[in-house]
Amino acid sequence: MATLCFHSPSKPISYFHPKSKPSPPLLSKASVLRCKASVQTLVSVEPEPVFTSVETFAPATVANLGPGFDFLGCAVDGLGDHVTLRVDPSVRAGEVLISEITGTTTKLSTNPLRNCAGIAAIATMKMLGIRSVGLSLDLHKGLPLGSGLGSSAASAAAAAVAVNEIFGRKLVREELVLAGLESEAKVSGYHADNIAPAIMGGFVLIRNYEPLDLKPLRFPEDKELFFVLVSPEFEAPTKKMRAALPTEIPMVHHVWNSSQAAALVAAVLEGDAVMLGKALSSDKVVEPTRAPLIPGMEAVKKAALEAGAFGCTISGAGPTAVAVIDAAEKGEEIGERMVEAFMRVGNLKSVACVKKLDKVGARLVSSVFS
């Protein structure tokens, strides 16, 4: 008889703590890939499934946070993607099959080599050395593509955690970030400022990539922080937005951005939402080149600040604008002013929401075992 277990999304998952090393990108070409990814196998004995089916959730993320380009990001509560993963006797041992995609978009490929969830699931299977079990995966997209809210990272994070959970949670979160990076490398480049907070929750500083060195930044429990997220009906593909970045910057801008990034980290650790907003709003390298590519963005930022936001910038590569404040009611008002500015100046319809910091990251939602 099957038993269904539900797990609280508000409680963090405990992990073991072996160390890992990064690996080169995935290079196989099969449409349904056997577990032969180039990531290192980290488990000496192939684990058996603990569950026959699991459902996982991974949150949206805000990358860069202004001056923290490619090395700072945070998770946002209440928005994200779900993955349902099953042990499937009809799938060949050691393989992953994407059986269904639902939600905000159904245009994604079900080829696991061309799907963020598939790539991350395959990489996690390789880390676990799974060769005796086949898996089928359903992806439910809660995030639109190209929103600047870490849509690809949410899919990858949910899939990596699902594979890890179904085989007894043998990998630590940092190792799951490596699996997610396999996916990100295929979509937008080898950067962890979305995938790390999507898996680990909260704010995450990426200190180094070779080897991967992640530093969680704990925002104080007794302090309030809200994100006003305003997403216009406009596509800003990550690759296009990265191509717009300058190849050289003046030394004065480098010094300025370094000081603002340091202030941003200090603000997170101290729970100082006002200083966090000021630092987030002060990028002089990336935002000035990207904002003109998003109709109305500069006016939206001005509207947010005039309405009382502590700071405002582009979320990730855009087009979503993110403002920070310490009260939800004030955030609603700020969101209205930002929506108006997108329409008035950019002629873009947009939607606003106010969300808290997600401190948990990708997690198990439910599980079934025989």
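**Before you start.** The model is predicted, so local features are given only where pLDDT is at least 70 and side-chain atom pairs only at pLDDT 80 or more, while totals for chains, interfaces and linings use all residues. Residues are numbered from 1 along each chain as its sequence is written, and side-chain values use heavy atoms, with hydrogens and water left out.

**The whole chain.** Show the cartoon: the protein chain has ten helices and twelve strands. Helices (H or I, at least four residues) and strands (E, at least two) are DSSP runs, numbered from the N terminus. Of its 370 residues, 56% count as buried, where buried means under 20% relative accessible area, exposed over 50%, and partly exposed in between (1.4 Å probe, protein chains only).

**Helices α1 and α2.** Select residues 116-128 for α1 and 151-166 for α2; they pack at an angle of about 35 degrees, with axes 7 Å apart. Axes here are lines fitted to C-alpha atoms, for helices over the stretch in contact, and angles run from 0 to 180 degrees between N-to-C directions. On the α1 side, show residues including Cys116, Ala120 and Leu128, and on the α2 side residues including Ser152, Ala159 and Val163. Contact means heavy atoms within 4.5 Å. Colour this contact by class and you will find ten nonpolar, four polar and no charged residues. In this scheme Ala, Val, Leu, Ile, Met, Phe, Trp, Tyr, Cys and Pro are nonpolar, Asp, Glu, Lys and Arg are charged, and the others, Gly among them, are polar.

**On to α3.** Among the α2 residues meeting α3 are Ala153 and Val161, and among their α3 partners are Leu176, Gly180 and Glu184. By class, this contact has seven nonpolar, four polar and one charged residues. In the loop between α2 and α3, stop at arginine 169, whose phi is positive, about 55 degrees, although it is not a glycine. Its relative accessibility is 23%, so arginine 169 counts as partly exposed.

**The nonpolar core.** Now show Val177, Phe203, Leu276 and Met338, which touch the most other members of the largest nonpolar core, a set of 107 residues. Such a core is a set of buried Ala, Val, Leu, Ile, Met, Phe, Trp, Tyr and Cys residues joined through side-chain atoms within 4.5 Å. α2 gives the most to this core, with eleven residues. Centre on valine 177: beyond its neighbours within four places in sequence, its contacts include Ile195, Met200 and Leu214.

**Arginine 290.** Select this residue in helix α8. Is arginine 290 buried or exposed? Arginine 290 is buried, with a relative accessible area of 2%. Leaving aside neighbours within four places in sequence, its contacts include Asn64, Phe69, Met241 and Ile314.

**Two cis peptide bonds.** Stay at glycine 318, which a cis bond joins to proline 319, with omega about 10 degrees. Proline 319 lies in the loop between β9 and β10. For the other stop, go to glutamate 210 and proline 211, joined by a cis bond with omega near 0 degrees. Proline 211 sits in the loop between β6 (203-209) and β7 (212-217).
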